[in-house]
Amino acid sequence: WEVPVLRALFDQFMESKKNRKHSSAHERVWFNLAGYSLRPGFGYPADDWRIEQIWKLHQQGLQFDKETQGWIDWWTFWRRAAGGLNAQQQLSLYKDISKFINPSALTSRKLQAEAKQKSYEDMVKLVAALEQLPINVKAQVTQWLLKRLQKPTETKTCWWALGRIASRAPFNGSVHNVILKEDIQNWLPQLLKLDWKKNQQAAFAAVLMTRMSGDRDRDIDDDWRKKVINKLSASKAPASWVEMVETIKELNESETKRVFGEGLPPGLKLI
């Protein structure tokens, strides 16, 4: 469905938003469909107004908060709309989930149980979409994920989140919030020592972290670029991945879907 149809549906969902309180099923389905109709949160007339309206829902919180599926749809809703949220709103969402992503949570049975109940994996997906977070916060999250990923039991979703948070080319955020290339170069050795044939998620994270942007201040140094390209080639990674690191490349539909986490509405192209 193209954007005009989706936004018309979203406006209908907003008119009936009170009905989501009838039951946990109503609330779950409402957030699922409303978020799908609003993605990526901007790009169509009146989206600023729509974002203003949904932010009131964040203040109200999840009404039926005992079921994991409800939390999955809650986090997914905010991830889908994240591109339209301002920096302060994104920071507020980050504060909702940061204690669960912090590796120190692994030492607390209470936090681990709560993270499981509230769907830790979907919180990780959400934090990856908060591209307007301050650089120092994004660098902290990256370090947290790198530490957690040292354990083989960590969800593979963290690799995707790592790549998107530390990307050289933000999907919808400002280039002023891109993590410093010096930090990227300090973190790359941890990824380069892995077997990218067996761990394609780590390879794609490295691609996003080193993708060519054309901006010298953001792009990694040539010697590091060669190391990544050589390892991608040796690992028989897709040629398009090598191209993303080697040259300034516009993403095709499948690549955009992989970076964004799902498909965008037909006809909507992000520059």
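Is the crossing of α8 and α10 left-handed or right-handed? In this predicted model, the crossing of α8 and α10 is left-handed. Helix α8 spans residues 135-148, and helix α10 spans residues 181-192. Their axes come within 12 Å. The crossing angle is roughly 20°. Because angles under 35 degrees count as roughly parallel, α8 is described as roughly parallel to α10.

The contact draws on residues from both helices. Helix α8 contributes Ala139, Thr142, Gln143 and Leu146. These meet Trp187, Gln190 and Leu191 of α10. By class, four residues of this contact are nonpolar and three are polar. No charged residue takes part in the contact of α8 with α10.

The model has two cavities of 30 Å³ or more. The largest cavity has a volume of about 40 Å³. Its lining consists of Val127, Ala128, Leu130, Glu131, Leu133, Lys138, Val141 and Ile165. Two helices, α7 (120-129) and α8, each give two or more residues to this lining. Helix α8 therefore has a part in both the contact with α10 and the lining of the largest cavity. Six of the residues lining the largest cavity are nonpolar and two are charged. The lining of the largest cavity has no polar residues.

The second largest cavity has a volume of about 30 Å³. Trp196, Gln200 and Ala203 contribute to its lining, as do Ser235, Lys236, Ala237 and Trp241. By class, this lining has four nonpolar residues, two polar residues and one charged residue. Both tryptophans, Trp196 and Trp241, belong to the lining of the second largest cavity.

Terms used:
Residues are numbered from 1 along each chain as its sequence is written. This is a predicted model: local features need pLDDT of at least 70, side-chain atom pairs count only at pLDDT 80 or more; totals for chains, interfaces and linings use all residues. Side-chain values use heavy atoms; hydrogens and water are left out. Axes are lines fitted to C-alpha atoms, for helices over the stretch in contact, and angles run from 0 to 180 degrees between N-to-C directions. Helices (H or I, at least four residues) and strands (E, at least two) are DSSP runs, numbered from the N terminus. Angles under 35 degrees count as roughly parallel, over 145 as roughly antiparallel, 65 to 115 as roughly perpendicular and the rest as oblique. A crossing is left-handed if the near helix is turned anticlockwise from the far one by less than a right angle, and right-handed if clockwise. Contact means heavy atoms within 4.5 Å. Ala, Val, Leu, Ile, Met, Phe, Trp, Tyr, Cys and Pro count as nonpolar, Asp, Glu, Lys and Arg as charged, and the others, Gly among them, as polar. On a 1 Å grid over the protein atoms alone, a cavity is a set of points where a 1.4 Å probe fits but cannot get out, and a pocket is an open set with protein on both sides within 12 Å along at least five of seven lines; lining residues have an atom within 4 Å of a point. Grid points are joined across faces, edges and corners, and a volume is the space filled by probe spheres set on the points.
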